[in-house]
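Thanks for coming. I have one structure to go through today, and I will keep to two parts of it.

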Amino acid sequence: MDLITTHVNADFDALGSLVAAKKLYPQSRLLLPGSQEEAVREFLSLARELVAVESERECRLDDIDRLVLVDTKQKARIGIAAELVDRGVEVHVYDHHPRMKGDVVADKDVYEEVGATVTILSGMIKKRKIKLSYLEATIMLLGIYEETGSLTYRSTTKFDVDMVSFLFSQGANLSVVSSYLNREVSREGLSLLTKLINLTERVEINGVSVSLVEIDAENYVSDLGALMQKLMELENINILFVLIKSPGGKVDIIARSRVPALDVNKVLSLFGGGGHPGAASAKTRGIGIVSIRQKLFNVLKSKIKVAKYAKDIMSKGVKAMSANEKVFAARATLTKNNLDGMPVTQKGRVVGIITLNGLNKAIKRSFGHSRVKGYMTREFVTVSPDTPLHILQKMLFENPVGVFPVTRGKKVVGVINRTALLRSVHGTLFAKPPVIDRNVTLNLAKKMSAVLPADVMALARKIGRKANSLNYTAFIVGGLVRDLILGVKNLDLDIVIEGPAIKMGEELAKDLGAALIIHRRFGTCTLITKATGYNLRGNRVGYRVGCSGFKIDLATARREVYERPAALPTVEFSSLKDDLVRRDFTINAMALSLNKESFGRLIDFFGGERDLARGVIKVMHDASFIDDPTRVFRAVRFEQRFGFTIDPHTEDLIKNAIKIEMFDKVEPQRIRDELIAILKEDDPCRAVRRMSELDELRFLHPKIKFDSRIVKLCRAINSTCDRYDGSIFRKRSVERWLIYLMALFDRLSYNDVSSICSRFALRRSETIRLLSCKEDADKAAKALASASAVSPSIIYRILEPLSFEVILFITSKAFSPKVAARVEDFFRKLNGARVNINGADIASMGLSPCPEYKTILDKVLYAKLDGKVKTRKAELELTRKLVKKFMR
Ligand code: CTP
């Protein structure tokens, strides 16, 4: 026979656990040892028969061969059943109290860190699909509710909540539960509560407030636990110790803690007692109240960990700014880093503090271009990284400037500001409101399979498995995630690793037989794999290292610290969130998990998916364009590509970045790349119009104006190029973006174009085409537009030396069917035409090699193009005549 028992002074968790265990051990008897808490006794006076519990007086132990202990494993607390332990019967334990030295050694010991023991047993009942009666479910619910303070104690877990809902589904009755839990305080209880309130002393230990109260045993009431709970609520107490003194130096200690800073179980285990982190008790004998208090304070000093130090909460990104920084840029830096203020340094030493308030005032008075040093306060206090949080709190209270430079020696290592402090004291209460966190719910694995080619998908899974094996986490980030949600094909595999990307790259290169290019300085690498032969547009290509293999970029999650605005960032390795927060727009700051257990899960900290759905381009933070001004072009590019709108605040930030001429600080090549990217979009005309609206074009050249003429020209370029691309005479692809650029440069002089080309470091071949357009296009267009007949050889001579881009520009700009027809003739019949004779034929006619060879061959070719010679024989005849002429 099995006997299920629990601890003396049983509460509802103990009773509920007995009832629950009976469902798991149906051939058992239940024993309630000693006395019970008052509410339990009251309940049992009505339901004893139904629950069928025996008292110690009624219980016989001789036929018991297995003991099941619930809600305790301490032999000293189980009354007569301790005898069974001594006898060596099989013991099973179910308990949510942490294991301690001296616990019964059980054959089966089930422990889970949850709010109540009933929760553990309910989970097992649910799993085995055992049905409960309404009464059983109600007693068990009483257990969870009482032990978790109606699910409010910090020991409460999601599992407790789940089990409450399971018990409701089994018919538990909440009104019965509340009638036993929300009990009126008795008259004696009330007088003790008043005493407790008056006697409670508060001490601060390591910045944490601890309350302590001594009472005489004669004041003890059986519901002291409930009274302590009330006291804590009334007096807003988080940690409470009640010392109950009896004659003869006996002191009982009961403790409660509602905060993670102190585990009272650990404290009272040093007094021979125990419990769990939120509630514990101990009995001491012969030590005396004075020594107990002394020991308790010593233990608390060692057990209450200083919650945090300056080094834990300081912001480490941008730590200080130069006294010569401009006010505008300083404000952007503060806003971006979410700081109220920042130390100002000169020659490496802190010389003052600049606050957001000070900067705003300066800007309001139109001093945005002034230096920060004129607006900083020179009275400040520095702290060391090891200053405890509670000291910082006091300093904050006493100091009007809520910003402290954290220094080690003379070096600034971080900044503490009011917001950071408030956040660490009050947690999320002062945090920025969370953006919808969809990362748990949205899994894009299916969408990935639908959009990505099978071998790219296999590659993604392989990367995930490799990350698992190396204990890293891997994510696809950036444009691919955005495009995947939009259903657009994009094979730009940008991978971020929380772990060393180069090591990951090396391992993958080995497995995939891929080439690897390592950029050690940035902690990044590029794999060029032949495992899948796609280029980024999704077309199959051959494999050639460094050229057209399938590229995968791997980077370690990093945080970029911009030492000065618009500078290339310094890289610090960090977490995925840091890596995403440094990016340009919310729609580009999402990630897809590749690890096995979460493959395809969307990580969207910043509402990127919501902004995609709303069609909004929104920066991640206010200093985004200051950090990287080229983003003003990117904003336009994405807005026009997807038909989205730049959100109004982001647009203001763009205008501000343009106003304060941030572009002067950017490497011109980066502007060039963004401009080219815009001109490569499907309909660049709209994007250019938008750039013009935002006054972005003047950074290319002040003379570039976007007017209706350019719109017309861009449209003509578009249709000319479409016609060319769709024609049978299309010989090679043309770079349309270059033709659009010719249009933008149409009003500029040769010298202007030449200086733009060198300033923005355009490639030689591009520069040549752009300059040739300036030099030759108008002349050529005029000749081609001639009203009189133009022979094929003339057309050939005009157009053959020109690039296709220049020819198509001429055609577009002419708006003339005649020019278009002549150009078409050129492409169809004349371009690349060759004669059927060569130098050897000329030599055989007696003319030694000389520059005239070319003249002769050209003349024969022109005659051929004009239809004057049709066969090789005729060509030879003409050649002979020409040779004779030259030899004369
Ligand atoms: N990025 C950024 N700031 C920039 C450039 C890039 O934050 N100035 C980040 C964005 O997260 C972006 C990612 O780097 O998504 C990859 O950049 P890139 O390949 O240039 O752009 P995509 O977003 O992939 O866009 P596209 O489809 O035009 O390639």
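How many bridges join strand S8 to S9, and do they run parallel or antiparallel? There are six bridges between S8, residues 208-216, and S9, and the two strands run parallel. Keep in mind that this is a predicted model.

S9 and S10 form a hairpin, with three residues between them. In the turn, Gly248 has a positive phi of about 85°.

Is S9, residues 239-246, enclosed or open? Six of its eight residues are buried, meaning under 20% relative accessible area, so S9 is largely enclosed by the rest of the structure.

The second part is a helix pair. Two packed helices are described by the angle between their axes and the distance between the axes. For helix H2, residues 38-51, and helix H5, residues 134-147, the axes come within 12 Å and cross at roughly 135°. That angle makes H2 oblique to H5. The crossing of H2 and H5 is left-handed.

Which residues make the contact? On the H2 side they are Phe43, Leu50 and Val51. H5 contributes Leu135, Ile139 and Leu142.

That is the end of my part.

How values were computed. Residues numbered from 1 in each chain as written. Predicted model: local features only at pLDDT ≥ 70, side-chain atom pairs only at ≥ 80, totals over all residues. Heavy atoms only, no water. Buried < 20%, exposed > 50% of the residue type's maximum accessible area, 1.4 Å probe, protein only. Helix = DSSP H or I, 4+ residues; strand = E, 2+ residues; numbered from the N terminus. Pairing = 2+ DSSP bridges. Axes fitted to C-alpha atoms, helices over the stretch in contact; angles between N-to-C directions. Parallel < 35°, antiparallel > 145°, perpendicular 65-115°, else oblique. Left-handed = near helix turned anticlockwise from the far one by under 90°. Contact = heavy atoms within 4.5 Å.
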